[in-house]
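Let's take a friendly walk through a protein model together. Keep the sequence and the 3D view beside you as you read.

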Amino acid sequence: MTDKPASRPEENASWKRLSRLAKTVTQTHNRERVNESDRFDKYSIRVGPLLVDFSKQRIDRSIVDDLVALAQESRVPELVAAQMAGEVVNTTENRPALHTALRGPAGKELASINQAIELERNRMLQYAEAVRSGERKGFTGRRITHLVHIGVGGSHLGCELVCNVLNRSALEIRFLANIDGTATNKALKGLNPETTLFVIVSKTFTTLETLANAHAARCWFLERTCDDGAIASHFVAVSNNAAEMTKFGISPANQFTLWDWVGGRFSLWSSVGLTIAITIGANEFRKFLSAAEAMDQHFREAPLAENVPVILALLTIWNSNFLGSQSHAIFGYDTRLKNFVEFVQQLEMESNGKSAHVDGSSCNVHTAPIIWGGEETQGQHAFHQLLHQGTRAFSADFIATANPEHNHTDHHRWLLANCLSQSQIMLYGNAGQASNSTNVHEVIHGDHPTTTILIDELNSEALGSLIVLYEHKVACLGMIWQINSFDQWGVEAGKHLAQEIYRDLGLPDSENTDGLTEGLIRTIRERTNNLFDDGTI
């Protein structure tokens, strides 16, 4: 066992050494550091279907050694073991974070949890297969042809990502998350109530956006069927609140469990993934889980210097805490990954957007960087200009697929060529290579740290590995920053305030304590001709 870590991450001996190293690193362009012949082999690691290449990062052996020492001093291996053993790692909510147990057998001490997971998973997959096969029909006996998944945040983003990447189903899958009525109308447009299944996902079954959209869908359905009994054939829900699901009208047979020890943004491996299972089938869903479990095993057992989630976390620490990068971009060179940025935004920023350590003391170092990015090569014609010639420091991940799912070989060749060229120029720049080296407007400085993740083939196994890679990176960052990656009190605060303002919008003489917000409320009431005067208090 390592010594007890310092009370703050910056007080660790390795952190102090890294601070000194950072001062020298920034004085030399990274192109001078990467000319060793075996650099790619030294700084790339394969895990299953993923090759993770971090050879273009601003690192050398001494930096990597001190980063690994930081993980060791932060007791990362012990904290990983504690999380996977079901210890209370979400200290503010006094619960474990056991989403890893959803993917494979946990320790013997969690035997009862394993049994409950397997029973629920089998029930969920049986339901999914019944929908896929047409065995489970609508209330008039017609086959289900459309599915509307209603959720928000962690109850939505992961499912939409996986379905967009792996969809091979004949069903049309739609997602409804935003509380904007326009989104609701779009999700319901053209649907037939006889052939539409609604999947409602809310851990508490009290989430404002999800419940508002679910009730809108229910009203839409009843207006067209005039049959309360038909709800049992067309509405299914995933939650840990059986009473509220029943109150809504969901039959017990259509209620699936989401345990309180599963955080929303880590929940797609549970029955929250019902929509995924319906979309890809039970066999592919199990492959998805199996690949995720393999990455869990790698994270739990691989030495720190060869542990890919740990390495990605340490590179984030190095770039954001020592080299001044305030944002981290993700560039997906596969159109199927167009939702991956949104998924990782929530995963990282909701998990690690914290300013207090687990002991309640204030953080004196930055935690999560701003996550952003886009679908490439569109981004190259939008924001890459700033990246190449702007003044902001950033880091980036490039994600590409070696083998495409289509037969447009030349398209894919160009796509990969663009991916590799962008990471290359972000490293080297073009100083001395511009058409007119005296024209400063053509010079690209480069020296930006990037990682490239090359996927053999974007299938169930690869996607499972990729998602869990980022999940564990996030957890590892929390361990080093000594923050709780598994709560989200900032999100909850906004929800409570919205309830107060919702009330004020319906009152003719509201007295909001914030005069600035009161002015906006008054203007909205005037411009909408008191649209919200419905007696709601």
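Helix α5 (residues 111–133) holds both Glu-120 and Arg-123, which sit 3 residues apart, about one turn of the helix. Helices here are DSSP runs of H or I with at least four residues, strands are DSSP runs of E with at least two, and both are numbered from the N terminus. The side chains of Glu-120 and Arg-123 meet in a salt bridge, at 3.3 Å from N to O. A salt bridge is counted when a side-chain nitrogen of Lys or Arg lies within 4 Å of a carboxyl oxygen of Asp or Glu.

Are these two partners buried or exposed, or in between? Glu-120 counts as buried because its relative accessibility is 10%, while Arg-123, at 29%, counts as partly exposed. Buried means under 20% relative accessible area, exposed means over 50%, and partly exposed is in between (1.4 Å probe, protein chains only).

## About the model

This is a predicted model, in which local features need pLDDT of at least 70 and side-chain atom pairs count only at pLDDT 80 or more, while totals for chains, interfaces and linings use all residues. Residues are numbered from 1 along each chain as its sequence is written, and side-chain values use heavy atoms, with hydrogens and water left out.

Lys-287 and Glu-284 are separated by about one helical turn, because they are 3 residues apart in helix α12 (residues 282–301). Lys-287 is partly exposed at 37% relative accessibility, and Glu-284 is partly exposed too, with a relative accessible area of 26%.

Another salt bridge links Asp-533 with Arg-525, where the closest N and O atoms are 2.8 Å apart. Asp-533 counts as partly exposed at 39%, whereas Arg-525 is buried at 8%. Elsewhere, salt bridges that share partners tie Arg-168, Asp-334, Arg-336 and Glu-405 into one network.

## The sheet

Now look for the strands. An open sheet is made of 5 strands in the order β4-β3-β5-β6-β7, with parallel pairing. Two strands pair if DSSP finds at least two bridges between them. The edge strands, β4 (172–176) and β7 (255–257), each pair on one side only. On average, neighbouring strands of this sheet are turned by 20 degrees against each other, direction ignored.

Strand β3 (residues 146–150) runs parallel to β4 and is joined to it by 5 bridges. Across this pairing, His-146 stands opposite Glu-172, and Leu-147 stands opposite Ile-173. Although β4 is an edge strand, β4 is mostly covered, with 4 of its 5 residues buried. Helix α7 (residues 181–188) lies across β3, β4 and β5 (196–201), running at about 165 degrees to β4. Such angles run from 0 to 180 degrees between N-to-C directions, with axes as lines fitted to C-alpha atoms, for helices over the stretch in contact.

Phe-235 is found in strand β6 (residues 235–239). Leaving out residues up to four places away in sequence, Phe-235 touches several residues, including Leu-197, Phe-198, Ile-200, Phe-221 and Phe-248. Contact means heavy atoms within 4.5 Å.

In soluble globular proteins, nonpolar side chains tend to be buried together. In this model the largest nonpolar core has 112 residues, of which Trp-318, Phe-340 and Tyr-470 touch the most other members. Helix α17 (residues 460–481) gives the most to this core, with 14 residues. Apart from this core lies another, of 22 residues, among them Leu-188, Ala-230, Ile-231 and Ala-237. A nonpolar core is a set of buried Ala, Val, Leu, Ile, Met, Phe, Trp, Tyr and Cys residues joined through side-chain atoms within 4.5 Å.

Trp-318 is in contact with Leu-18 and Leu-21, among others. Asp-66, in helix α3 (residues 61–73), also touches Leu-18 and Leu-21, along with Ser-14 and Arg-17. Asp-66 counts as buried because its relative accessibility is 12%.
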